[in-house]
Amino acid sequence: MNSVSPFDLVIFDCDGVLVDSEPLSCRAFEQVYANHGMVLPEGIVASGIGMKQADIIRMIEERTGHRLPDGADAHFWPETKLLFAQQLQPTKGIADFLQLLADKRCVASSSQPERIAFSLKKTGIEHHFGEAVYSSSMVKRGKPAPDLFLFAAERMGVDPARCVVIEDSPFGIEGAVAAGMTAFGYIGGSHTYEGHAEKLASKGASRVFAHWDDIAREILVTA
């Protein structure tokens with residue numbers, strides 16, 4: 001028996017959805033600021049999960065007054081890569097889910113292409129996507145704008161109304177809804193928090209899931 005989805009395209013966020021990366025990313029972000037003598041308030045980096053790196057930096061400066069020296073943003077990826085190489089894991093159950101998913105799928109992430117590629121390869125799931133990997137660096141506006149999701153749907157040749165986006169961040173859910181797509185919230189990563197599901201639902205997630213098995217039961221139909 002083959003399993004197929006009622007959607008024509010499943011769009012996956014990467015960080016916090018495909019790979020359990022968000023706590024590592026936050027630690028790397030905080031370390032770069034610490035290296036420049038700035039201690040960030042607890043939770044401020046996490047509040048920007050789902051946004052472009054440049055937008056998180058801007059948010060931190062607006063909320064704390066901490067401004068990184070010019071060029072310091074180049075230190076984020078080396079610091080993050082070190083942690084990823086040592087500790088990055090796929091989210092629990094994602095490999096089995098991808099194996100079952102017969103229909104079109106792609107990645108639409110706020111991260112840079114190099115980071116996405118490293119993450120997918122490190123966790124052994126890159127072969128499930130091939131070249132169907134899209135970064136916010138490819139569009140003008142990052143999440144919560146719909147640009148990246150619309151770009152991905154166009155490149156994949158699918159009507160946005162026939163797409164489902166799986167996202168862990170409120171910004172990602174907002175972007176998916178703004179793109180006219182179905183949005184599923186995912187709270188199975190280790191960075192999930194009390195009220196996470198409610199926050200995603202408030203931004204327009206039609207369903208919120210903690211396990212890939214539950215998502216499989218929702219969108220995979222045995223033919």
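## A buried proline

Pro170 is buried, with a relative accessible area of 12%. Anything under 20% counts as buried, so Pro170 falls on that side of the cut-off. If you want to find Pro170 in the picture, look at helix H7, which covers residues 170-178. Keep in mind as you look that this is a predicted model.

Who sits around Pro170? Setting aside neighbours within four places in sequence, Pro170 is in contact with Tyr193, Lys199, Leu200 and Lys203. Ser135 is another story: Pro170 and Ser135 are 35 residues apart in sequence, and their C-alpha atoms are 18 Å apart in space.

## The whole protein

Now zoom out. The protein has 9 helices and 8 strands, and 50% of its 223 residues count as buried. Its C-alpha trace spans about 60 × 35 × 35 Å along the principal axes.

How does the radius of gyration fit with a compact globule? A compact globule of 223 residues would have a radius of gyration near 17 Å, and the protein's value is 17 Å, so the two agree. Contacts tell you about the fold as well: take those between residues at least 6 apart in sequence, and 70% of them join residues at least 24 apart.

## Surface and charges

The protein exposes about 10400 Å². Carbon and sulfur atoms supply 50% of that area.

As for charges, there are 21 positive and 29 negative ones. Work out the mean position of each set, and the two points are 2 Å apart.

## Two domains

The domains do touch: 21 residues of domain 1 are in contact with 15 residues of domain 2.

## Distances along the chain and in space

Start with Leu220, in the loop between helix H9 (212-219) and strand S8 (221-222). Is Leu220 buried or exposed? At 12% relative accessibility, Leu220 counts as buried, because the limit for buried is under 20%. Leu220 and Leu100 are 120 residues apart along the chain, yet their C-alpha atoms are separated by 8.1 Å.

Next comes Gly124, in the loop between helix H5 (113-122) and strand S4. Gly124 counts as partly exposed, at 38% relative accessibility.

## A histidine in a loop

His66 lies in the loop between helix H2 (53-64) and helix H3 (76-87). With a relative accessible area of 23%, His66 is partly exposed. Not counting residues up to four places away in sequence, His66 touches Tyr33, Met38, Val39, Leu40, Ile60 and Glu61.

How far is His66 from Gly157 in space? The answer is 43 Å, C-alpha to C-alpha, for two residues that are 91 apart in sequence.

## A cis peptide bond

One last stop is the peptide bond from Lys143 to Pro144. That bond is cis, with omega near 20°. To spot Pro144, go to the loop between strand S4 (133-135) and helix H6 (147-156).

Methods. Residues are numbered from 1 along each chain as its sequence is written. This is a predicted model: local features need pLDDT of at least 70, side-chain atom pairs count only at pLDDT 80 or more; totals for chains, interfaces and linings use all residues. Side-chain values use heavy atoms; hydrogens and water are left out. Helices (H or I, at least four residues) and strands (E, at least two) are DSSP runs, numbered from the N terminus. The radius of gyration is taken over C-alpha atoms; the globule rule is 2.2 Å times the number of residues to the power 0.38. Buried means under 20% relative accessible area, exposed over 50%, partly exposed in between (1.4 Å probe, protein chains only). Contact means heavy atoms within 4.5 Å. Accessible areas come from the Shrake-Rupley method with a 1.4 Å probe; for residues, only the protein chains shown count as cover. Lys and Arg count as positive and Asp and Glu as negative; His and the chain ends are not counted. The place of a charge is taken as NZ of Lys, CZ of Arg, CG of Asp or CD of Glu.
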